[in-house]
Amino acid sequence: MGWLWAIIVGLVLGVIARAILPGRQPIPLWLTTIYGILGSILGNAVATWAGVNSTKGIDWTRHILQLAGAVLIVAVGTPLYLSIRGNKGTARRSAR
């Protein structure tokens, strides 16, 4: 059940991160989910380091750090993905 929650949370965080970032991120949904999962892991690590990983009630600080991690991963990962992929989608648009 833990992996299912990780995928669901990763999908939600990845989609929110893409909505927060300006412009268009031409990455597939599966990569958005992976970036969200990685952002969640990064946010949890920072929350543990800061000592706010487990509080009474809803862990708002941890959730905000997870979202910030997802935004960072999407912002850094999208250009990397496009450079590996060859940036095929934007080359056709700029030729018009």
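How far apart should the ends of helix 2 (residues 29-50) be, at 1.5 Å a residue? The 22 residues of helix 2 should span 32 Å, and the end C-alpha atoms, 31 Å apart, agree with that. The expected span here is 1.5 Å times one less than the number of residues, and helices are DSSP runs of H or I, at least four residues, numbered from the N terminus. The model is a predicted one, so local features need pLDDT of at least 70 and side-chain atom pairs pLDDT 80 or more, while totals for chains, interfaces and linings use all residues. Residues are numbered from 1 along each chain as its sequence is written, and side-chain values use heavy atoms, with hydrogens and water left out.

Several residues of helix 2 are buried, among them Leu31, Tyr35, Gly39, Gly43 and Ala47; buried means under 20% relative accessible area, with a 1.4 Å probe and protein chains only. Their cover includes helix 1 (2-20) and helix 3 (60-85).

As for the meeting of helix 1 and helix 3, Leu13, Ile16, Ala17, Arg18 and Ile20 from helix 1 touch Gln66, Leu67, Ala70, Val71 and Val74 from helix 3, where contact means heavy atoms within 4.5 Å. The residues of this contact split into eight nonpolar, one polar and one charged; Ala, Val, Leu, Ile, Met, Phe, Trp, Tyr, Cys and Pro count as nonpolar, Asp, Glu, Lys and Arg as charged, and the others, Gly among them, as polar.

Technical notes: Helix = DSSP H or I, 4+ residues; strand = E, 2+ residues; numbered from the N terminus. Buried < 20%, exposed > 50% of the residue type's maximum accessible area, 1.4 Å probe, protein only.
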